[in-house]
Amino acid sequence: NVLSYNDVQYRYISVGNEIDIPHSPVSNLILPGIRNLHNALRAAGNNTPVSTTIATSLVVDAFPPSNGRFSDGSRDIMRSIVEFLVANRSPLLVNVYPYFAYSLNQQQIQLDYANFTANRVVVTDSNNGLQYRNLFDALTDATYSAIEKVGGWGVDIVITESGWPSAENGNIATIQNASTYINNLISHVSGTSGTPKRPGKSIETYIFALFNENIKPGARDEQHFGLYYPDMREVYPVTFR
């Protein structure tokens, strides 16, 4: 599945996506799976990094960001995974969605903080003085804090998913809000500001998603994260820098 496609450039291979550690029955199989794939690839002369993809829901006490830590149930498993990532200089893959945080907590989170339009410092971390103007950076840095607490000081984060739906959640999931978020996200991660905790470099980030998924089961807004409709029409214009 990898070597057969030698004309494809693989950035990373993820063992699992948003596995609900420790509640999922495969939680303890993540690290053995990472090791097996890593060893098989290296034996075949392939150096693609192998990791796993987590949701920020595994990180608790995320306010302020420096307090971020892996939940009690996930901490030991994540510690072992992070030890592997440190030893092999591989990143942790993280899905970061300010949309969900905002839609679930509008009483405490403002829209401009969630969609990169705040023109002021919204959060100052009381432990280190770092200042935050957007929720994306705060969620990312809370995850960095959690990684550091289990020994992963040198581990980078790659944002494997981030997006905003354009329909099916009232005045939150609108084409205007989705366009604002995605275009501001691209501008932010393409620059060299980084996050307050890891400044000075662009943030490797992947947009979710290319197409709306009109028959995807579950919550209706999950069908509307795409930049294009299934018939290839553009949902809203995007500027890639």
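Author: Contact here means heavy atoms within 4.5 Å of each other. In this predicted model, and leaving aside its neighbours within four places in sequence, F136 is in contact with V96, P98, F116, I159, S162, Y181, L185, H188, V189, I203 and T205. Two of those partners, F116 and Y181, belong with F136 to a cluster held by ring pairs, whose members are Y97, Y99, F100, Y102, F116, F136, W164, Y181, F208 and F225.

F136 also has a place in the largest nonpolar core, which comprises 61 residues, and F136 is listed there with F70, M78, I81, L92, W164 and I182 as the residues that touch the most other members. The element that gives the most to this core is helix α5, residues 135-149, with eight residues.

Across the whole structure, a search finds 13 aromatic pairs. One of them joins Y99 and F225 in an edge-to-face arrangement, with 5.9 Å from centre to centre and 85° between the planes. This pair links distant parts of the chain, since Y99 belongs to helix α3 (residues 98-104) whereas F225 lies in the segment after β9 (205-207), 126 residues apart. Both Y99 and F225 are buried.

F225 has a further partner in F100: the ring centres of F100 and F225 are 6.1 Å apart and their planes meet at 35°, so this pair is tilted. A stacked pair would need planes under 30 degrees apart, and an edge-to-face pair over 60. Because F100 lies in helix α3 and F225 in the segment after β9, the pair ties together parts that are 125 residues apart in sequence.

R69 forms one with D61, the closest N and O atoms being 2.8 Å apart, and another with D72, at 3.0 Å between the closest N and O atoms. D72 in turn meets R75 in a salt bridge of 3.0 Å, N to O; because D72 and R75 are three residues apart in helix α2 (residues 72-88), they are separated by about one helical turn. Elsewhere, E148, D156, K197, R198 and K201 are linked in a network of salt bridges.

Notes: Residues are numbered from 1 along each chain as its sequence is written. This is a predicted model: local features need pLDDT of at least 70, side-chain atom pairs count only at pLDDT 80 or more; totals for chains, interfaces and linings use all residues. Side-chain values use heavy atoms; hydrogens and water are left out. Rings of Phe, Tyr and Trp (its six-membered ring) pair if their centres lie within 6.5 Å; planes under 30 degrees apart count as stacked, over 60 as edge-to-face and the rest as tilted. Helices (H or I, at least four residues) and strands (E, at least two) are DSSP runs, numbered from the N terminus. Buried means under 20% relative accessible area, exposed over 50%, partly exposed in between (1.4 Å probe, protein chains only). A nonpolar core is a set of buried Ala, Val, Leu, Ile, Met, Phe, Trp, Tyr and Cys residues joined through side-chain atoms within 4.5 Å. A salt bridge is a side-chain nitrogen of Lys or Arg within 4 Å of a carboxyl oxygen of Asp or Glu.
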